[in-house]
Amino acid sequence: MGDTDTNTAFSRRRRAAFAAGRGASLQPMNKKCMSASQLSVTAELKTDGEVGKVDRLLDTTRPTAMCDKKKHKNDINDRLSCHKTRDSLLTSSSGYNNYRGILNWCVVMLVLSNARLFLENLLRYGVLVDPIQVISLFLKDPYSWPAPCLVIVSNVFIMVALYTERQLSKGSYGEHVGFLVHSVNMTVMLTFPAAVVLMVPSTTSVGGAFVLGTYTILFLKLYSYKDVNMWCRELSAIKAKKLARSLSCPSSKYFNGDGCKVCYPGNLTIRDLYYFVFAPTLCYELNFPRSPKIRMGFLMRRLFEMLFLIQMLVGLTQQWMIPIIQSSMKPLEDMDLSRMTERLLRLAVPNHLLWLMFFYWFFHSSLNFTAELLRFGDRQFYKDWWNSESVTYFWQNWNIPVHKWCLRHFYKPLLRRGFSKIVSQSAVFFLSAFFHEYLVSVPLRMFRLWAFMGMMAQLPLAWFVGHNLRGNYGNAAVWISLIIGQPFAVLMYVHDYYVLHYRQV
């Protein structure tokens with residue numbers, strides 16, 4: 001008993017000594033390091049409850065000495081050694097990739113430098129923005145209006161395509177007759193508006209470009225419409241039983257509600273065809289993916305962007321681009337190479353800025369507005385072309401509707417006919433070059449083939465970049481070709497237009 005009482009008293013004194021060091025109030029201690037002075041005070045605790053609290057706190061004092069020693073040792077080591085093997089952040093082997101601050105700095109510098117140029121432009125030329133002048137470009141002669149009339153006439157070609165497909169579905173036309181009718185219809189679709197633009201003096205260059213662009217889009221759509229319906233007839237003839245369960249329907253009737261499939265030949269209606277005509281795609285399907293509803297907030301944001309950006313495009317063109325182009329005529333006439341290079345570089349910045357704004361206005365704002373209005377589900381109108389490390393990747397990703405059409409209706413059919421990939425890719429670039437020249441030379445009423453040669457030059461450029469440049473170097477080469485190539489073609493066309501129409505007067 002005596003030994004037990006002695007041990008108990010000793011234990012109580014240890015606990016009392018620790019309790020005295022905690023102050024007036026007994027609170028849970030941190031399980032890290034404690035001060036050694038807490039163990040130097042001796043005091044008696046009066047109650048068993050207090051003893052229990054101190055007993056729990058006393059358990060935390062055991063690692064205190066080791067923790068203090070370790071902390072002291074680490075402090076000494078930090079003072080003795082402050083270096084270790086590391087790479088600089090800008091070294092590629094460091095693994096560091098957070099350059100957000102540098103990107104922000106580039107944006108700030110870009111804004112400041114362009115603000116200076118814009119202020120210099122205002123001080124030199126004054127305010128040149130004139131909305132009335134823009135309207136007059138479309139409607140030089142208010143009593144003829146050739147551009148809107150041509151757009152209205154395009155409905156004739158749409159109805160011819162629909163009528164031909166209906167006759168083919170019923171067997172009234174053979175495949176060869178249907179192909180001939182479609183070929184004539186689409187050939188006239190390209191030549192008729194071009195002839196009107198060239199022969200009617202009241203058609204302006206801007207109005208002509210708008211009309212020819214509309215007819216080009218319609219040509220690509222109706223070509224896809226013809227192909228898809230032909231594929232449906234081929235499937236119906238070869239795999240009738242399988243098609244009856246998957247794609248076709250027992251009759252030509254169909255339902256247009258959500259969740260109900262449109263089946264061939266039930267798709268051959270005016271409503272179905274005109275939905276495709278206005279849909280933001282060039283590739284026809286019997287059943288397009290549809291969004292559940294129209295989001296009014298999203299629709300209004302895209303509408304605001306469309307209205308705002310079109311004003312910015314017109315204003316910057318009048319205020320910034322046109323004065324530089326006008327000042328470039330004299331060096332081009334004199335063939336002053338140094339001055340021509342200086343004008344080209346001056347034109348590169350505003351031209352590229354306008355091109356980027358046009359890309360956002362058309363491919364993001366306008367196409368998303370149309371898609372939302374029609375509840376069109378596939379909104380992939382572009383991919384990350386700005387990360388392109390090759391010219392081929394850029395052309396495959398900056399304009400998805402055109403790329404998808406070329407791949408589906410031109411490139412793959414050529415491969416199926418036995419042509420090689422190189423020949424098929426060259427044919428795709430040739431077709432693109434033709435339409436680029438068609439959309440530029442005809443409205444300007446002159447044929448210089450600058451756009452055609454610029455597109456065909458993409459083939460050797462794509463080969464050179466793909467075989468010699470990789471990563472950031474390839475991406476830089478793509479950006480340089482975009483920034484320099486476009487204003488070069490603009491200057492060539494403007495110079496030829498000026499010489500043709502004004503120098504001889």
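1. Helix α6 (residues 146–170) and helix α8 run with their axes within 10 Å, crossing at roughly 10°. That makes the two helices roughly parallel, a label for angles under 35 degrees. Axes here are lines fitted to C-alpha atoms over the stretch in contact, and angles run from 0 to 180 degrees between N-to-C directions. Helices are DSSP runs of H or I with at least four residues, and strands are E runs of at least two, numbered from the N terminus.

2. A caution on the source. This is a predicted model: local features need pLDDT of at least 70, side-chain atom pairs count only at pLDDT 80 or more, and totals for chains, interfaces and linings use all residues. Residues are numbered from 1 along each chain as its sequence is written, and side-chain values use heavy atoms, leaving out hydrogens and water.

3. Which residues of α6 and α8 make the contact? Among them are Phe157, Ile158 and Leu162 of α6, and Leu218, Leu222 and Tyr225 of α8. Contact means heavy atoms within 4.5 Å. The residues divide into 15 nonpolar, three polar and three charged. Nonpolar covers Ala, Val, Leu, Ile, Met, Phe, Trp, Tyr, Cys and Pro; charged covers Asp, Glu, Lys and Arg; the others, Gly among them, are polar.

4. The axes of α7 (residues 175–199) and α16 (residues 421–444) come within 9 Å and cross at roughly 25°. That makes α7 roughly parallel to α16. Leu190, Pro193, Ala194, Val197 and Leu198 in α7 meet Phe435, Tyr438, Val442 and Pro443 in α16. This contact has nine nonpolar residues, with no polar and no charged ones.

5. Look at the core next. The largest nonpolar core holds 58 residues, and Met189 and Leu273 touch the most other members. Such a core is a set of buried Ala, Val, Leu, Ile, Met, Phe, Trp, Tyr and Cys residues joined through side-chain atoms within 4.5 Å. Helix α8 (residues 205–238) gives the largest share, ten residues. Beyond neighbours within four places in sequence, Leu273 contacts Ile158, Leu162, Leu222 and Tyr225. A second, separate core of 20 residues includes Leu316 and Met492.

6. Buried means under 20%, exposed over 50%, and partly exposed in between (1.4 Å probe, protein chains only). Ile310 sits in helix α11 (residues 296–327).

7. Finally, the whole chain. The protein chain has 19 helices and zero strands. Of its 505 residues, 35% count as buried.

Terms used: Parallel < 35°, antiparallel > 145°, perpendicular 65-115°, else oblique.
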